[in-house]
There are 2 protein chains.
Amino acid sequence: MGLDIQAYMQTLGQQAKQASRALSRADTNAKNHALRIIASMIRANSDQLKQQNKLDMEAGEMKGLDSALLDRLELTDSRIEAMAEGLEQIASLADPIGEISNMHFRPSGIQLGQMRVPLGVIGIIYESRPNVTADAAGLCLKSGNAVILRGGSEAIHSNQAIATCIRQGLEQVGLPSQAVQVVETTDRQAVGELITSTDYVDVIVPRGGKNLIERISSDAKVPVIKHLDGICHVYIDKAADLDMAEDIAFNAKCHRYGVCNAMETLLIHSDVASQILPRLASRYKTESVELRGCERTQSILPEAVAATETDWDTEYLAPILSIRIVDDLEQAMDHIHRHSSSHTETIVTEDYASARHFLAEVDSSSVMVNASTRFADGFEYGLGAEIGISTDKIHARGPVGLNGLTSQKWIVLGSGQIRH
Amino acid sequence: MGLDIQAYMQTLGQQAKQASRALSRADTNAKNHALRIIASMIRANSDQLKQQNKLDMEAGEMKGLDSALLDRLELTDSRIEAMAEGLEQIASLADPIGEISNMHFRPSGIQLGQMRVPLGVIGIIYESRPNVTADAAGLCLKSGNAVILRGGSEAIHSNQAIATCIRQGLEQVGLPSQAVQVVETTDRQAVGELITSTDYVDVIVPRGGKNLIERISSDAKVPVIKHLDGICHVYIDKAADLDMAEDIAFNAKCHRYGVCNAMETLLIHSDVASQILPRLASRYKTESVELRGCERTQSILPEAVAATETDWDTEYLAPILSIRIVDDLEQAMDHIHRHSSSHTETIVTEDYASARHFLAEVDSSSVMVNASTRFADGFEYGLGAEIGISTDKIHARGPVGLNGLTSQKWIVLGSGQIRH
């Protein structure tokens with residue numbers, strides 16, 4: 001297309017950095033007002049959004065995209081309304097910016113604390129769902145960050161139409177429209193430029209399949225907040241309440257299959273395996289869940305197929321469950337240590353010491369006692385909305401809400417103190 | 001040397017990761033006991049340390065290292081004692097690991113909070129000072145992390161000798177000696193392996209000159225907590241108490257020159273420039289500070305040489321100061337926005353609104369009112385010791401103490417909750 005992608009992305013970066021300064025000083029009212037106006041713009045322009053979305057849908061059908069992808073791509077009336085409501089919900093969240101914590105006097109007489117501030121410029125790289133454009137822009141706006149959005153090429157018309165609503169809303173309240181920019185080229189080089197643009201971009205949040213995220217993480221120079229697998233475990237301890245264990249193990253697998261916080265592997269203490277496994281197997285049978293077990297599991301459940309080493313490292317995202325019987329808590333934690341993706345793990349137990357060990361020693365973004373892994377979620381955690389779930393340990397861990405898009409700087413109030 | 005560096009570094013990484021698990025569960029007493037024993041080992045082996053250090057000093061002299069470098073390299077009795085005391089101070093700090101914060105009930109009935117946990121494995125890359133070996137090992141040990149230390153090749157014998165004391169201390173209290181490993185090869189490839197070892201290393205902390213840090217940041221695949229320049233500003237507002245302003249501007253420049261939190265550029269409101277500048281110039285003259293000013297500064301202080309654009313972007317680390325007169329707070333903040341390294345900036349003012357704007361809008365790791373920039377320091381902030389000062393916004397910002405080497409995971413206590 002003859003466009004110099006590098007220069008184009010640099011311009012976007014400069015504009016975003018410029019806009020981020022104005023946004024970082026925008027007061028709560030201005031930000032909330034903008035979010036509500038954008039919501040009303042999205043509602044008012046729903047015909048236009050559907051029209052543009054139709055162009056993407058038609059192009060997608062021509063290209064032969066599969067039906068799951070086309071479904072994610074489609075903008076229906078209810079999805080447009082959900083986008084608008086999402087923005088209004090973000091407007092109703094508390095403003096994290098400017099929060100001052102832990103102010104205290106030091107022996108020198110200075111008063112020291114920390115103030116929550118925006119990160120600056122966020123780059124978001126995502127795939128087919130156009131609603132991410134509104135969600136991500138809303139979260140970045142509320143947290144005082146400028147954002148550069150790079151959606152999937154298959155959603156380019158839909159994303160541009162949503163971006164137009166956002167720009168108009170920002171302009172109406174006097175915020176810089178360049179606080180939210182959608183990359184207008186589908187050239188892949190744009191992603192490469194964005195993730196190496198350390199002069200202008202403070203953090204990259206990739207959302208999408210594991211391949212996309214691995215590629216971005218490996219090539220990025222800008223820090224990345226990322227989510228890889230969700231290989232979540234439930235461990236049923238020998239001291240578990242077995243009714244509770246049955247409910248949690250069933251819920252964690254069957255509430256939804258295609259989500260990152262679904263259980264993929266069930267670990268069971270050998271003392272209770274023969275009691276709980278047949279009960280669980282009959283529950284899973286009602287949902288046609290395929291069971292893959294270790295040898296001991298197979299001796300209790302002959303219908304289970306043999307689990308291979310690969311099974312322990314697989315995120316099925318499907319009605320499939322691998323099951324392993326272990327001899328004690330240590331073995332369960334060893335298995336988790338080796339095979340977990342550090343997303344979410346649960347122990348079911350009534351034993352105080354086992355619960356305490358599990359909580360302290362399992363190194364995952366969410367560690368639970370007697371609750372379904374399905375609770376590991378921004379809404380359930382009260383973050384209001386999430387930009388993603390981080391399986392990293394640096395900066396943000398687990399569900400990432402507004403605070404994950406902020407930083408804390410030190411502030412010092414003095415009365416003329418000097419160092420001696 | 002025939003050693004396969006890649007395989008060697010991978011072995012160190014595997015051993016560190018293994019050790020990190022034991023260290024993450026070590027209780028406070030064991031960690032503190034280890035720190036105190038290591039301190040006493042260092043004292044008991046001071047002759048041995050000085051002997052090994054002498055090998056490094058002799059090799060350094062042969063190689064023609066300059067006297068500043070040789071000075072940093074030397075281990076004297078008082079420096080050995082300071083290392084031991086530093087470890088004892090770390091032992092007396094509160095243990096950050098296991099701290100649970102913000103436990104609260106969610107409408108679903110789950111109780112949600114966050115638990116502070118170690119990052120895992122820290123890689124530290126540093127230059128000539130052998131005392132970093134003890135300091136960094138101490139901070140990592142206390143925060144439950146395993147560490148791989150890669151010191152300067154010129155300090156290899158000193159670092160190995162210190163590492164021997166550390167290993168013996170760890171073994172005495174039953175902690176894995178591989179929790180602290182010193183890279184035994186001086187081959188540069190080892191650094192390249194360490195900073196790309198995403199399977200085993202959770203974060204890299206480079207300590208040293210700007211070139212080292214830029215090279216590491218640009219090549220690393222592992223997240224880096226880094227400190228680049230310290231181009232710190234003091235802004236004397238029109239509403240400043242001029243006596244206070246004089247003291248702060250003098251202290252921020254002259255208390256120590258070679259430190260990152262020293263002031264490099266002084267900004268002065270035009271309304272008070274002609275009053276304060278001559279007073280300050282005579283103070284600076286007593287310390288032979290070279291003044292470089294904008295045109296307006298030169299019209300007040302004819303002795304000041306003309307500042308060039310380069311001056312505003314230079315960290316002198318020397319008795320040199322650049323001075324610019326500005327017309328208002330906005331201009332001062334614009335200058336800071338363009339030229340600061342985001343380390344530390346101070347406003348001197350008695351005006352409420354100016355103080356509040358400066359605090360909110362200046363985007364640096366420490367932002368101060370009426371205090372010397374020299375306070376931006378782990379000890380002054382009560383962190384006890386610092387592994388470095390981060391000028392990044394991600395994860396850790398400003399002085400990085402024990403908490404900067406930790407992460408927070410979500411914990412959930414339930415009583416059988418499932419998602420509906």
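This is a predicted model: local features need pLDDT of at least 70, side-chain atom pairs count only at pLDDT 80 or more; totals for chains, interfaces and linings use all residues.
**Overall form of chain A**

Chain A contains 15 helices and 16 strands. Its radius of gyration is 24 Å, close to the 22 Å that the globule rule gives for 420 residues, so chain A is as compact as a globular protein of that length. The C-alpha trace of chain A spans about 70 × 65 × 35 Å along its principal axes. Of the 420 residues in chain A, 53% count as buried. Among the contacts in chain A with a separation of 6 or more, 73% join residues 24 or more positions apart.

Two domains divide chain A: domain 1 takes in 5-225 + 399-412, and domain 2 covers 232-375. Between the C-alpha centres of domain 1 and domain 2 of chain A there is a distance of 36 Å.

**Strand S11 of chain A and its partners**

Strand S11 of chain A runs over residues 320-326 and is mostly covered, with six of its seven residues buried. Strand S8 of chain A (residues 263-269) pairs with S11(A) in the parallel sense over five bridges. Within this part of the chain, Ile268(A) has Ile325(A) in S11(A) as its bridge partner. Strand S9 of chain A (residues 290-293) also pairs with S11(A) in the parallel sense, over four bridges. Here Leu291(A) stands opposite Leu321(A), a residue of S11(A).

| Strand | Partner | Sense | Bridges |
|---|---|---|---|
| S8(A), residues 263-269 | S11(A) | parallel | five bridges |
| S9(A), residues 290-293 | S11(A) | parallel | four bridges |
| S13(A), residues 366-371 | S16(B) | parallel | five bridges |

**Contact between the chains**

In the interface, 58 residues of chain B are in contact with 58 residues of chain A. On the side of chain B that touches chain A, at least two residues each come from helix H1 (5-25), strand S2 (111-118), helix H10 (242-254), helix H15 (352-361), strand S13 (366-371) and strand S16 (406-417) of chain B. The largest share of that side, 11 residues, is supplied by S16(B). Sorted by class, the side of chain B that touches chain A has 23 nonpolar, 21 polar and 14 charged residues.

Opposite Ala371(A) stands Gln417(B), which belongs to S16(B).

Notes:
Residues are numbered from 1 along each chain as its sequence is written. Chains are lettered from A and ligands numbered from 1 in the order in which they are written. Domain bounds come from an automatic or database domain assignment. Two residues are in contact if their C-beta atoms, placed from the backbone, lie within 7 Å. Ala, Val, Leu, Ile, Met, Phe, Trp, Tyr, Cys and Pro count as nonpolar, Asp, Glu, Lys and Arg as charged, and the others, Gly among them, as polar. Two strands pair if DSSP finds at least two bridges between them. A residue is buried if 20 or more other C-beta atoms lie within 10 Å of its own, exposed if 12 or fewer, and partly exposed in between; C-beta atoms are placed from the backbone. The radius of gyration is taken over C-alpha atoms; the globule rule is 2.2 Å times the number of residues to the power 0.38.
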